[in-house]
Structures are given as structure tokens and as C-alpha cells.
Amino acid sequence: MREQDGNGRDFERRSSGFGNRGNGGPRRSFGPKDWHKAVCSECKKECEVPFKPTEGKPVYCKECFSKRRDR
Ligand SMILES: [Zn+2]
């Protein structure tokens with residue numbers, strides 16, 4: 001395998017997009033630059049979301065988010 005062939009950008013792009021499902025754990029080794037502090041609208045817990053929270057829109061923590069998707 002040639003993993004250090006280019007500049008590793010392709011690998012970073014891939015790992016930040018997919019591959020985050022079913023891993024069962026927050027992996028932030030790629031950098032917290034895209035994480036924003038927010039307060040969950042459901043349980044009012046402080047959490048971090050991988051997107052910029054929109055004003056006026058509810059933000060859910062991981063737990064509440066998966067709970068909502070579950071139903
Ligand atoms: Zn919550």
C-alpha cells in the first residue's frame with residue numbers, strides 16, 4: 001500500500017466526511033475547527049455540534065439527536 005504517496009489531503013477529506021458512523025465514539029483527532037459550542041434545545045446541556053448553530057433553530061446534542069432520529 002502507498003499511504004504516503006501524496007500529501008494526505010484525500011485521506012483527511014474522506015475521514016471527516018464518512019466513516020464516522022458506527023464508530024461509537026467521538027473522534028476529534030482531525031481538529032475541532034469545525035465544532036461549535038451550543039446548548040441543546042432538548043435537554044439544555046452544553047454540547048458541541050459539527051456545524052454552525054443557526055440562530056432561531058433548535059440545536060440538539062448527540063443524544064437527543066439520535067433519540068429524535070430513532071422515533
Ligand atoms: Zn440534548
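The briefing below begins with the model and its confidence and then turns to local features.

This is a predicted model, in which local features need pLDDT of at least 70 and side-chain atom pairs count only at pLDDT 80 or more, while totals for chains, interfaces and linings use all residues. Residues are numbered from 1 along each chain as its sequence is written.

**Confidence**
- The protein chain has a mean pLDDT (the predictor's confidence in each residue, from 0 to 100) of 76, and 54% of its residues reach 70 or more.
- Confidence is lowest in helix H1 (residues 9–17), at a mean of 58, and highest in S1, at 92; helices (H or I, at least four residues) and strands (E, at least two) are DSSP runs, numbered from the N terminus.
- Where pLDDT is low, the predicted coordinates should not be read in detail.

- Strands S1 (residues 36–39) and S2 (residues 46–49) pair in the antiparallel sense over four bridges, pairing being assigned if DSSP finds at least two bridges between two strands.
- Val39 stands opposite Glu46 in S2, and six residues lie between the strands of the hairpin.
- Lys44, in the loop between S1 and S2, has a positive phi near 60° although it is a residue other than glycine.

**Exposure and contacts**
- Lys44 counts as exposed (12 or fewer other C-beta atoms within 10 Å, against 20 or more for buried and partly exposed in between, with C-beta atoms placed from the backbone) because it has 9 such neighbours.
- Cys61, in the loop between S2 and helix H2 (62–70), is buried because 20 other C-beta atoms lie within 10 Å.
- Leaving aside neighbours within four places in sequence, Cys61 is in contact (C-beta atoms, placed from the backbone, within 7 Å) with Cys40, Cys43, Lys45 and Cys47.

Definitions and conventions. Two residues are in contact if their C-beta atoms, placed from the backbone, lie within 7 Å.
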